[in-house]
Amino acid sequence: MRHLIDFGDMTREEWDELYRRCSDILDRPEAYLDACKGKVSASLFYEPSTRTNFSFQTAMLRLGGSVFGFADPKSSSVAKGETLKDTIKMVSGYADVIVMRTPWEGAAKAASLYSDVPVVNAGDGGHMHPTQTMADLTTITRLRGGVDGLSVGLCGDLKNGRTVHSFIKAMEKFRDVKFFLISPRELAVPEYMRAFMRERGMWFTEVTGLEPVIPQLDVLYMTRIQKERFIDPLEYERNKGIYILTRRKLERAKDKLLVMHPLPRVDEISVDVDDDPRAVYFKQARFGMFARMALLADLANQPRREPEPVEIGRGRVCRNPRCITATEGYLPPLVKRIGEADCCAFCDAPLG
Amino acid sequence: MRHLIDFGDMTREEWDELYRRCSDILDRPEAYLDACKGKVSASLFYEPSTRTNFSFQTAMLRLGGSVFGFADPKSSSVAKGETLKDTIKMVSGYADVIVMRTPWEGAAKAASLYSDVPVVNAGDGGHMHPTQTMADLTTITRLRGGVDGLSVGLCGDLKNGRTVHSFIKAMEKFRDVKFFLISPRELAVPEYMRAFMRERGMWFTEVTGLEPVIPQLDVLYMTRIQKERFIDPLEYERNKGIYILTRRKLERAKDKLLVMHPLPRVDEISVDVDDDPRAVYFKQARFGMFARMALLADLANQPRREPEPVEIGRGRVCRNPRCITATEGYLPPLVKRIGEADCCAFCDAPLG
Amino acid sequence: MRHLIDFGDMTREEWDELYRRCSDILDRPEAYLDACKGKVSASLFYEPSTRTNFSFQTAMLRLGGSVFGFADPKSSSVAKGETLKDTIKMVSGYADVIVMRTPWEGAAKAASLYSDVPVVNAGDGGHMHPTQTMADLTTITRLRGGVDGLSVGLCGDLKNGRTVHSFIKAMEKFRDVKFFLISPRELAVPEYMRAFMRERGMWFTEVTGLEPVIPQLDVLYMTRIQKERFIDPLEYERNKGIYILTRRKLERAKDKLLVMHPLPRVDEISVDVDDDPRAVYFKQARFGMFARMALLADLANQPRREPEPVEIGRGRVCRNPRCITATEGYLPPLVKRIGEADCCAFCDAPLG
């Protein structure tokens, strides 16, 4: 693996190897104190994301590496009057690995075309956030011994959540996972996610209530429901209590249940759940740091390599207004096949 | 010592041990180059304080450790829509020690209840700033061999200065210190500080003029007088010259006097004093870094430890509007006894 | 060399030694992994300059050193209510070397008077930016074996460019360099630069067209032409195409030409030039990092040394409104002789 743009780019074998390294770091952190000695990570956060930024930074620092970059483009003059390509060319001259977060979909992919060093996607708009998925899988694997065969409840806003969709997609690499999709009808998973699961023979059921299914779950993945997502505010008021996890609702859950959450939480998990040993959402954040250590220990040590020249774009191909090609006109018009459709190779939006 | 919230929490023995380590670092810095190797400090500055932030950062870096965090909450998305507890839970998963500065009184104490790693109070509103006191004591001890038996002048605004009050309180750990409290009447030490000194049999005298007492002093601790603190602006204009230290006023001072200042100064010490060997305020800032090294060399190397669960708060107890409990409602209603009174265990304000 | 304020302060021998070290770092970077172990660089950017800041930071990090500071004074409380002297006194107590960028001319020189550690000028207004010149010379020397005897085209705005003037001045240390000064008449080099070259017997010719001279060049140094610099906007529109470097214009250039640019570029070099092996502007940025490593490996390892006290200023001497003496009144009234004229020793502006 040269770049990590999308979790789906990894094979099951690559993931297993990454997890083995992660697990070894958890068991013997002292063996990795100099794993990235002399290596420097560029942390390019074109939009603030403190949690993800901290996690990547501490991952690099705990490997004996170091970090530079910006946490917010407002406090930076990069991006002003300069193309993404030129910024990446410059930064990849200084760094051994680039970690980037952007509001533009496909930006990490675009960066990877010009970078002399590996690029990690730390979130590109609503598109991909592969290291969140790595954090989730590491948590489950470490605490339950594996992912295969588990019953997983996904609860909250399943319509808009990038985290949830990435998680479901990642599950195609595992066997016999059962999904309990728990959400108000207005915020159910989109039809293309249902199609994804059906095509791969993944077991799933959709329900609107949390309490009835809790006893069956090995993992309960909570996400936030934003009031703004409801067309009818009254519907929100009627529903919100159903999806708040409390200590009482946990009474009939399995002893080994894992309660997860990508954080930050607002009020979808009651504070009285925090001291329950099944609440692992803070551990999950910590496991995310270790997963990123496993990733950076590999990528930051790869040799510099000038990428092959690419075609210079001459006009827009993708019509997604949030796609990186909308503003960076020199990008090549790359196309990829997803199922039956031609899609933009940057943002995955269908073309034409 | 697990956390450093208040200098008063330390015993004299603990301080002596800390100073011995500090002194050893000053003598043999090369022996501490890897004292915090592989350790990471979180630097959470909810309000900017460049000087304190730089001091803590360089302290950690000089021990071979590393630092992440934010210098100003505006450039951070932490604190938005997240409780202090959740931020600390997350950050303490990434860090080996947390250094925090906040405008809210008692915030470091609150953080210590939830953190898996030691917490250092780098200033919590007008409440405490224990490492400033450490810097002051290190300076005096290093340059004068000790604190016991010295005559100390405190000059300027003695009514509002957190630094001054902390310094006086710290002196109860030492013997035979004489205080010359030099201030305009409007800005004299508050009555509860006088009571503090009387109860402990500490010698002090209050004067309004600086020059007459200078010859008697071993230490002259200057602080800033802010015009805004005067009820009567004319009174300020009449007074300000008296409290400005000049080269001329130093003429009759002892040869071994230490002129100290917490910095930044505005004009309370004339520039022509800077080259006098008795002016040690810039050295004092540097000693502060070494004192923080001594502290972090201990705390950052302590094992992670999940704190005991605490009660969940159900309503406000403390009425201090600047207390951390005013905004973080889940905090437990902890009470401590100060003298005769029940006080808030976070901000020390009397209850009821 | 104690401080680097102006490239002109270095002798040819000092530069040759610096380049040798730089070259050695390029050949054997692993030998320098701990060259600055335990050393800390202060990065004081009173105005944002991401590129320069990143370059200095990564230089220090790759030497095993570490960095603290601010990237923008808005996110810092330094500079508020404190003199530059006091800031430098404080920071030089924490750091082993200070890298500073300011909008005020002569500020790095001023800092060097009070600092216990070496100061590097990372740009002081329109005045000096010596490490940019180091990056330029390193690029040429590394890729062409040396600077002596080369034909160098300087193209674009030669009137206002600090980079260009510094480059020309640096050339006095080398032999037989020929300058082709390519610019619109409105933006030709200032008369004092012509005088500089004539006095030193440097060969130069001024032309308005780029294409005719390209075949003769060993180095083509492109700079940006800002529309705002033209008195007549129509003149800009008529001219701009002439100074844009395209793949087609490069057809008749030498095979070993070096196309350079200080970055960021806007559109003065067409994107289709980037993949030409003669385009070395991104390499130039990377060489700049190595040049800064060579510099910091020396300066950050120098012993601390309290500077001699200087006179306290009592009134303004220099009339340059952008000079650091305009705001920092305590600075000594230092004068230096440039040619026939008495000049301000901070900003080099003629006095009287």
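These legends walk through close-up views of a predicted model. In this predicted model, local features need pLDDT of at least 70 and side-chain atom pairs count only at pLDDT 80 or more, while totals for chains, interfaces and linings use all residues. Residues are numbered from 1 along each chain as its sequence is written, and chains are lettered from A and ligands numbered from 1 in the order in which they are written.

**View 1. Helices α5 and α9 cross in chain C.** Look for helix α5 (residues 130-144) and helix α9 (residues 281-299) of chain C, whose axes come within 8 Å and cross at roughly 110°. Helices here are DSSP runs of H or I with at least four residues, and strands are runs of E with at least two, numbered from the N terminus. Axes are lines fitted to C-alpha atoms, for helices over the stretch in contact, and angles run from 0 to 180 degrees between N-to-C directions. α5(C) and α9(C) are therefore roughly perpendicular (65 to 115 degrees).

**View 2. The residues where α5 meets α9 in chain B.** Chain B has its own α5 (residues 130-144) and α9 (residues 281-299), packed at about 110° with axes 8 Å apart. On the α5(B) side, the residues include Met134(B), Asp136(B) and Arg142(B); among those they meet in α9(B) are Phe287(B), Phe290(B) and Leu295(B). By class, this contact has six nonpolar, five polar and four charged residues. Ala, Val, Leu, Ile, Met, Phe, Trp, Tyr, Cys and Pro count as nonpolar, Asp, Glu, Lys and Arg as charged, and the others, Gly among them, as polar.

**View 3. A four-stranded open sheet in chain C.** Follow the strands in the order β2-β1-β3-β4, with parallel pairing (two strands pair if DSSP finds at least two bridges between them). β2 (66-70) and β4 (119-124) of chain C are at the edges with a single partner strand each, so one side of each has no neighbour in the sheet. On average, neighbouring strands are turned by 15° against each other, direction ignored.

View 4. Thr102(C) has Asp124(C) in β4(C) as its bridge partner.

Terms used
Angles under 35 degrees count as roughly parallel, over 145 as roughly antiparallel, 65 to 115 as roughly perpendicular and the rest as oblique. Two residues are in contact if their C-beta atoms, placed from the backbone, lie within 7 Å.
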